[in-house]
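Hello,

Here is the structure we talked about handing over. Please load it first, then read the notes below.

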Amino acid sequence: RNNILCKEIFMNILITRHDKIGDFCTALPMLKVLKKQTNHKLFVLVSKINYEFAKNFDFIDEVLLYEEKPLELNKKIDVSISAFIDTKLGINLLRSGIKTRIAPATKIAQIFFNKRVKQRRSKVLKSEWEYNLELLKAFDNSLDITFTPPLLNFGFKRENITVFHPGFGGSSDGNLTIDEYIKLAKSVKDKTKVIFTFGPSDMKAKKYIKAN
């Protein structure tokens, strides 16, 4: 019964992912699935680096800027679902009066959330976006969390394009090096048009890749 109510009653849902560009992208399938299967209004709370980017998605109704101070929510949020948490976010969501706060059961920050999902993300048994999709089950277990791309249509036509985003920081430091990205791009350049994208903190990497 509760699952039926989740789908049929209009709610304001806040999805939070307040870190870097690549991290935010892993939360987009969750937003698309939720918008497609419900009538809820979807708010997304993001860092400054993703604020304008997030406005490009038709399955996001309103974009809110995350700042390390109490949230000033103009509209009542019924449920928050956080794909990444820290103590300051947890305190902000609690103080904002959101009654249902869903998050992974990770870090000490989980004490500020009243619906916690054990996932063991450190084992890397799934992709990050798949772990994020699973959080929807804590909100409504009847949702089909099958994700169908694309997320965003860039308007390219009749072109085979591969996009690399060699951002660094946090867990991404354990992935490919800049030289490995270049080697990978060169290995496919005869089969596809290669595009590199960069965030504001990636200018050193951008200069190096352009030179090589």
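**Notes on S47 and two helix pairs**

S47 sits in the loop that runs between β2 (41–46) and α4 (51–54). Keep in mind that this is a predicted model.

Is S47 buried or exposed? Its relative accessible area is 11%. The cut-off for buried is under 20%, so S47 counts as buried. What does S47 touch, leaving out residues up to four places away in sequence? The list is R17, H18, D19, L65 and Y66.

Helix α3 covers residues 28–37 and helix α6 covers residues 128–139. Their axes come within 8 Å and cross at roughly 40°. The crossing of α3 past α6 is right-handed. On the α3 side, P29, M30, V33 and L34 make the contact.

α7 passes α8 in a right-handed crossing. I178, D179 and I182 of α7 meet A205, Y208 and I209 of α8. The α7 contact with α8 divides into five nonpolar residues, one charged and no polar.

Over to you.

Best regards

How values were computed
Residues are numbered from 1 along each chain as its sequence is written. This is a predicted model: local features need pLDDT of at least 70, side-chain atom pairs count only at pLDDT 80 or more; totals for chains, interfaces and linings use all residues. Side-chain values use heavy atoms; hydrogens and water are left out. Helices (H or I, at least four residues) and strands (E, at least two) are DSSP runs, numbered from the N terminus. Buried means under 20% relative accessible area, exposed over 50%, partly exposed in between (1.4 Å probe, protein chains only). Contact means heavy atoms within 4.5 Å. Axes are lines fitted to C-alpha atoms, for helices over the stretch in contact, and angles run from 0 to 180 degrees between N-to-C directions. A crossing is left-handed if the near helix is turned anticlockwise from the far one by less than a right angle, and right-handed if clockwise. Ala, Val, Leu, Ile, Met, Phe, Trp, Tyr, Cys and Pro count as nonpolar, Asp, Glu, Lys and Arg as charged, and the others, Gly among them, as polar.
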